[in-house]
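Please look over the sequence and the model before reading on.

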Amino acid sequence: MKGKMGVVVGLLLVLALTACGRYAYHGTVLPGEAAPDFALPAAQGGVFRLSEQRGKVVLLFFGYTHCPDVCPTTLAEARQVLEGLGEDARNVRFVFITVDPERDTLEALKAYTAHFHPDILALSGDMDHLRAVYEAYHVYIERVPAQGAATDYTVTHTARVFLVDPQGRLRLSYAFGTPWQDMVDDVRHVLKEGR
Amino acid sequence: MGKGVVWVVAVVGVWLLTACGAQGLQVKDAWARSTPPGAEQAAVYLTIVNATEEEDALVGVSTEMAAEAALHRSVTSDSGTMGMVQVQQVVVPASGTVVLAPGGLHVMLMGLKAPLQAGQDFTLTLHFVRAGEVTVRVEVRP
């Protein structure tokens, strides 16, 4: 009788541990391979090299400053994520890479991202370097002529946010419109795991 | 007794007028995000409530804040890319509601005359086929 009880308690404990141990990510889980390295000039000064960010979570988003809907919405969300992380934000880099280097000068990028949060980094570069980064991250970009007279063209682009973990692995991606709280939860979990 | 009847008629009358006033087509919760310095574009979001029995359509927008205003939709492809297309009209079904929200339908302002600053508001006029011109205040949020 006592033995049976022990087995039941044991099974329950195992069940409880398994249930607690498994964290379900909100983002789309990627294979976790090494995130392709790149080095691009930052609007905030210096060169940003991905491989130098070990120990930090890097969130990557590709966009452009002439984008009125999707990019401001995502950057406003980035602000909520950085604010929501509190102290943990020190170990997180939110990086905005332009898909429109022709119009996005480093100065324009700096003013643009600073409007949302001073810690958001904005990167540009020459088209060859940028194109290699787009390809490495499977970011699709297409320039579309605008119908109106007040703007020349818009850029159709991949609007997902990519998460690189503190070990430099490409771990998760997020669809446009993912609630910021979900990203905060995932980032916290990835940071904890890396410790 | 006579006084009582007058009161009832007055109360019912006021109630009827109020009820009728809530009908028709209404545009509410119009807002835009504040823009970074030097920004040339912005998006306006709002909700259209059509309380009539007739379908209506939003066919144009205008504002003093920008050189040009148009109806746009952000479209997501299966592969996760997002782009924008201009739309000629937004149909508002009879007794229906249409929401213009981030990542979907929006009023695109091009050639902003000044940055939109949080706390400000500005006027936007919407042109409907049936309801005609509807003017709303757009609240600028951070």
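How do the residues of the lining of the second largest cavity divide into nonpolar, polar and charged? They comprise seven nonpolar, three polar and one charged. For this classification, Ala, Val, Leu, Ile, Met, Phe, Trp, Tyr, Cys and Pro count as nonpolar, Asp, Glu, Lys and Arg as charged, and the others, Gly among them, as polar.

This is a predicted model, in which local features need pLDDT of at least 70 and side-chain atom pairs count only at pLDDT 80 or more, while totals for chains, interfaces and linings use all residues; side-chain values use heavy atoms, with hydrogens and water left out. Residues are numbered from 1 along each chain as its sequence is written, and chains are lettered from A and ligands numbered from 1 in the order in which they are written.

**Chain A in outline**

- Five helices and ten strands make up the secondary structure of chain A; helices (H or I, at least four residues) and strands (E, at least two) are DSSP runs, numbered from the N terminus.
- Chain A has 195 residues, of which 48% count as buried; buried means under 20% relative accessible area, exposed over 50%, and partly exposed in between (1.4 Å probe, protein chains only).
- Of the contacts (heavy atoms within 4.5 Å) in chain A between residues at least 6 apart in sequence, 73% join residues at least 24 apart.

**The disulfide**

- A disulfide is a covalent bond between the sulfur atoms of two cysteines; here the criterion is a pair of cysteine sulfur atoms within 2.5 Å.
- Over all chains there is one disulfide, and it links Cys67(A) with Cys71(A) at an S to S distance of 2.4 Å.
- The disulfide is right-handed because the torsion about the S-S bond of Cys67(A) and Cys71(A) is about 95°.
- Cys67(A) and Cys71(A) are both buried.

**An exposed residue**

- Glu135(A) belongs to helix α4 (residues 127–136) of chain A, and its relative accessibility is 57%, so Glu135(A) counts as exposed.
- Glu135(A) and Pro36(A) lie 99 residues apart along the chain, and their C-alpha atoms are separated by 9.9 Å.

- On a 1 Å grid over the protein atoms alone, a cavity is a set of points where a 1.4 Å probe fits but cannot get out, and a pocket is an open set with protein on both sides within 12 Å along at least five of seven lines; lining residues have an atom within 4 Å of a point.
- Grid points are joined across faces, edges and corners, and a volume is the space filled by probe spheres set on the points.
- There are three cavities of 30 Å³ or more.
- The largest cavity holds about 90 Å³ of space; among its 14 lining residues, the closest to its centre are Pro68(A), Pro72(A), Thr35(B), Gln41(B) and Ala42(B).
- The second largest cavity holds about 60 Å³, and its lining includes Cys67(A) and Pro68(A).
- β5(B) gives the most to the lining of the second largest cavity, with three residues.
- The largest pocket holds about 300 Å³ of space; of its 18 lining residues, the closest to its centre are Leu30(A), Tyr137(A), His138(A), Phe162(A) and Leu170(A).
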